[in-house]
Every structure is written in C-alpha cells, then in structure tokens.
Amino acid sequence: MDAKITLPESELPRSWYNVLADAPTPPQPPLHPGTGQPVGPDDLAPLFPMDLILQEVSTDSEIAIPEEVLDVLRLWRPTPLHRARRLEQAIGTRSRIYYKNESVSPAGSHKPNTAVAQAYYSARAGRTRLATETGAGQWGSALALASQVFGLECKVYMVRVSYDQKPYRRVMMETWGASVVPSPSPDTNAGRAVLEQDAESPGSLGIAISEAVEDAAGRDDTSYSLGSVLNHVLLHQTVIGQEARRQLELAGETGVDVVVGCVGGGSNFGGLALPFVRDKIAGAEIEIVACEPAACPTLTRGPYAYDFGDTGRLTPLVPMHTLGHDFVPPGIHAGGLRYHGAAPIVSQLVLDGLVRAEAFGQKDVFAAAIEFARSEAIIPAPETAHAIKGAIDAARCADEAGTEQVIVFNLSGHGHFDMGAYDAYLHGRLEDFELPEAEIERALKAIEDLPKPAGVSV
Ligand SMILES: *Cc1c(COP(=O)(O)O)cnc(C)c1O
C-alpha cells in the first residue's frame with residue numbers, strides 16, 4: 001500500500017459538519033458583558049457578516065460549502081493523508097500511524113480553510129475590509145491570502161514580540177497585500193492605553209484582539225475575523241476530518257483507535273476530530289486526545305468558566321476552559337498555542353468525557369519534532385509537534401499493552417518560519433517552564449466576579 005493516500009478533487013467535501021447537531025450537551029450561550037444576557041445576532045452584527053453569525057448558532061448537521069469557497073480550497077485540497085511508516089520503524093511500534101498533512105496549503109497550515117470562508121462571506125455581505133490579530137503570524141498570513149483572493153483590504157495587528165522576531169511572516173502578509181502593524185499600536189484606544197503604561201510592551205494575543213475588535217466595531221466597511229475558538233471556525237475546519245475518514249477507508253482501515261491534535265484555540269484539533277467525535281457518539285470506540293503545552297495548560301488545569309476572549313474585556317463572555325484573560329503564558333516557541341482560553345465546543349467535549357486532554361513540556365515536544373523530521377522528512381511547526389508527541393505516546397502505550405492500534409494525527413503546519421526555535425533546541429538553549437499553581441490562582445482572580453456557566457461546579 002502507498003505511504004501517501006490522496007483523494008481526487010471530486011471527493012472534496014461539499015458541506016461542513018456541525019457537531020452541535022449531535023453533541024450530548026447543548027452549548028451554553030455567550031453572554032453580553034454589560035447585561036449578562038445571551039448575546040443575540042444583532043449584538044454581533046457590527047463585527048461579523050450575518051452568514052457567519054447564523055453558522056455560529058446553527059444546529060444543522062450539514063452546512064453547504066459555497067461554490068466560490070470550494071473553488072479556492074481546490075488550490076490545495078483535498079490534502080494528502082500519509083502513513084508514517086518511517087516514523088513507525090524509527091520508534092519500533094506495531095501500531096499504524098497516519099497523519100493528515102495540512103502543511104501543504106499556500107500559507108503552510110490549516111488556517112486558510114476558514115480564512116477563505118470568512119473572507120468570502122464578508123465580501124458577499126458588501127464589506128471591503130477585514131481587521132484581525134495574529135500571534136506567531138500564521139493566522140495573519142492565512143487571512144492576508146484569503147483577503148487577496150476576494151479583493152478585500154486586510155489590517156493585521158501583530159503581537160509586537162513576533163513582529164520583531166518573525167519578520168518573514170510579516171513580509172508574507174505584505175506580499176499578499178495586507179497592512180501589518182505591531183501591537184500594541186497607536187492606531188486604537190486599546191493600543192494607546194497599553195503604550196501609555198509601557199511604551200516597550202511586547203504585546204499579547206489578548207491585547208491584539210482588543211485592537212482588531214475595536215477597529216472593526218468602529219467601521220461599517222470592516223469585519224472582524226478570528227482564526228480559532230469560535231464555532232464557525234471549527235465548522236470550516238471539518239473538511240480535514242471528513243477527508244481523513246475517507247482516506248483511512250481507502251487505506252483499508254475499518255476503524256481508528258486514536259485521534260490526536262494540538263490545541264491552541266482548538267480549530268485544527270476540532271477540524272480533524274469532530275467527524276470522529278460523531279462516530280464516537282454513535283458508539284465507536286475511539287480515544288480522542290487534545291495536546292497542549294504544559295506552559296499554557298488551558299484544558300488540563302484551567303476551570304470551565306465564562307471569560308473574555310481578550311485582555312481588554314471587549315468581547316462577549318465565552319463559556320470555556322480558561323486560565324483567565326490576563327494570564328500571560330511563558331514565551332514558549334509554539335506561539336500559536338499561547339492562548340488563555342479554548343474553543344467552547346472543545347471545552348464542552350472535554351467536560352463530557354468525549355475528549356481527553358494532555359499537556360507536554362516543550363523539550364519533549366521538540367524531541368518528537370526532531371524524531372519526525374528525521375524519519376518522515378517534514379519539519380513540523382512547534383505547535384504541530386505537540387500532536388506528534390501525543391501520537392508517539394499513544395503508539396508506545398499500545399506497544400506496552402501488547403496491542404496494535406490505528407492512530408491518526410493532524411499535521412497542522414510546517415515549521416519553516418520557526419528555525420529560531422529549532423536552533424535553540426538543537427543548541428541546548430531551549431527551556432522547560434514550570435507553571436506554579438499560585439500563578440494560575442492569581443490569573444483566575446480576574447474571572448471570579450464573572451457569571452458562572454449553568455450546572456458546572458468547578
Ligand atoms: C494556529 C496554529 C495552531 C493552533 O491553533 P488551533 O486553532 O488550536 O488549531 C496549531 N498549529 C498550527 C500550525 C497553527 O498555525
């Protein structure tokens with residue numbers, strides 16, 4: 001059998017899969033921070049086009065993908081599923097490991113899957129400009145690309161420390177026509193407020209979100225665009241899992257035992273896992289593992305609570321596992337996993353016991369990345385390496401138990417812009433961070449007075 005399982009263009013999924021149609025526990029609504037009442041479509045209309053707001057609250061099982069979006073996705077989809085035979089040999093496992101290769105998109109990650117859909121719906125709603133934030137630069141690149149395709153202007157607030165450390169991601173965004181400023185910036189009230197306190201602020205994702213939301217809320221021509229966390233973002237990513245399911249069938253697999261992904265906000269994990277969650281709800285025995293950094297342990301150590309999506313407390317209150325909106329994670333190299341919260345959908349599935357979360361230190365994660373690069377040849381993003389570590393652990397565990405399992409993980413992106421991180425690891429300069437319980441307790445004080453989700457006692 002081939003090591004690479006491709007699908008013809010004709011098998012590109014025609015609809016997104018909405019897990020809210022099947023999830024055992026209905027989602028809790030986002031709340032208006034002023035009134036404490038559920039936010040309605042009208043509250044969100046200044047930020048998002050109505051099509052996306054309706055997707056955000058939909059409980060339809062299938063939502064058709066517009067032809068215009070399919071036309072763009074076809075530039076790189078369906079993506080290949082690989083059997084990781086060389087990795088299996090290198091680690092000496094009897095299990096079969098597969099990975100879905102999302103690194104083949106033009107921006108190098110899964111993120112264009114939703115960027116394209118979001119840009120399309122904004123353009124169709126007559127908006128001409130998008131505002132967003134980016135941490136490590138992967139989301140900004142994806143949205144810049146998608147904006148270019150649909151003729152929209154794109155303004156990216158890029159966390160200052162990444163802006164300084166990752167100039168090539170900035171240049172990539174500018175190549176696709178976006179304008180990029182370091183955040184905190186003097187362009188918004190939120191940015192100016194931080195700069196007044198600290199002119200040298202390194203910025204954070206929470207601050208950059210505040211800036212982009214303020215920008216979009218203040219202009220009729222502009223939508224805000226978020227690259228993860230929200231229901232509609234996970235929805236758009238489900239092309240990944242639908243394709244992977246079909247490819248495993250073509251590989252002759254009659255079932256899958258373990259599904260693994262890394263979690264920052266939860267979108268690439270959800271994209272691969274949700275179609276398998278559907279099978280699990282229907283009775284299949286599948287272990288579904290969400291891997292996160294020990295330095296930002298949202299799912300493993302954060303309570304399920306209402307919290308703001310941003311530091312500036314501008315967004316609705318979202319029900320999710322969170323470390324508190326002013327938690328600033330240590331400067332680990334997996335920048336895309338340094339977010340204080342996690343998708344409400346993923347958070348609820350963890351609460352319901354359908355998904356298990358695990359946290360790894362970055363040295364172990366980079367060891368897994370090197371093992372993968374030296375066996376399968378692809379250099380993974382540091383974020384992705386968390387999933388690789390999870391998959392290798394699952395294989396070792398099966399070997400110890402004397403079983404043979406089918407394991408699939410999401411290769412969410414390549415690491416070509418992360419050579420600084422690899423350099424640090426290869427030359428002994430990469431550190432692990434202990435996160436003291438006291439720091440988590442401190443950060444959680446910020447959400448003590450917020451409303452609590454119904455029926456939750458953590
Ligand atoms: C952004 C990113 C992530 C983390 O975001 P999710 O929404 O959790 O998927 C993971 N891997 C890569 C390559 C990314 O670019």
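Colleague: Where in the chain does valine 229 lie?

Modeller: In this predicted model, valine 229 belongs to the loop between strand 9 (222-224) and helix 11 (231-237).

Colleague: What makes the phi of valine 229 worth a remark?

Modeller: Valine 229 is not a glycine, and yet its phi is positive, at about 70 degrees. Most residues other than glycine have a negative phi, and most peptide bonds are trans.

Colleague: Which peptide bonds are cis, then, and what are their omega values?

Modeller: One joins arginine 77 to proline 78, with omega at about -10 degrees, and another joins serine 183 to proline 184, where omega is about 10 degrees. Proline 78 is found in the loop between helix 3 (67-73) and strand 4 (81-83), while proline 184 is in the loop between strand 8 (179-183) and helix 9 (189-197).

Colleague: Why is the arrangement of helix 16 and helix 17 called roughly perpendicular?

Modeller: The axes of these two helices cross at roughly 85 degrees and come within 8 Å. Angles of 65 to 115 degrees count as roughly perpendicular, and helix 16 and helix 17 are therefore given that description.

Colleague: Which residues of helix 16 and helix 17 meet?

Modeller: From helix 16 the contact takes in Asp364, Val365, Phe366, Ala368, Ala369, Glu371 and Phe372, and from helix 17 Pro382, Ala385, His386, Ile388, Lys389 and Ile392. By residue type, the contact of helix 16 with helix 17 consists of nine nonpolar, one polar and three charged residues.

Colleague: At what angle do helix 16 and helix 18 pack, and how far apart are their axes?

Modeller: Helix 16 (residues 362-376) packs against helix 18 (residues 419-426) at an angle of about 105 degrees, with the axes 11 Å apart. That angle makes helix 16 roughly perpendicular to helix 18, because the class runs from 65 to 115 degrees. Here Lys363, Phe366, Ala367, Ala369, Ile370 and Arg374 of helix 16 meet Ala421, Tyr422, Tyr425 and Leu426 of helix 18, and the residues of this contact comprise eight nonpolar, no polar and two charged.

Colleague: Which residues come nearest to the ligand?

Modeller: Of the 19 residues around the ligand, the nearest are Lys111, Ser228, Gly264, Ser267 and Asn268. The shell divides into four nonpolar, 13 polar and two charged residues.

Methods: Residues are numbered from 1 along each chain as its sequence is written. This is a predicted model: local features need pLDDT of at least 70, side-chain atom pairs count only at pLDDT 80 or more; totals for chains, interfaces and linings use all residues. Side-chain values use heavy atoms; hydrogens and water are left out. Axes are lines fitted to C-alpha atoms, for helices over the stretch in contact, and angles run from 0 to 180 degrees between N-to-C directions. Helices (H or I, at least four residues) and strands (E, at least two) are DSSP runs, numbered from the N terminus. Angles under 35 degrees count as roughly parallel, over 145 as roughly antiparallel, 65 to 115 as roughly perpendicular and the rest as oblique. Contact means heavy atoms within 4.5 Å. Ala, Val, Leu, Ile, Met, Phe, Trp, Tyr, Cys and Pro count as nonpolar, Asp, Glu, Lys and Arg as charged, and the others, Gly among them, as polar. A residue is near a molecule or strand if one of its heavy atoms lies within 4 Å of it.
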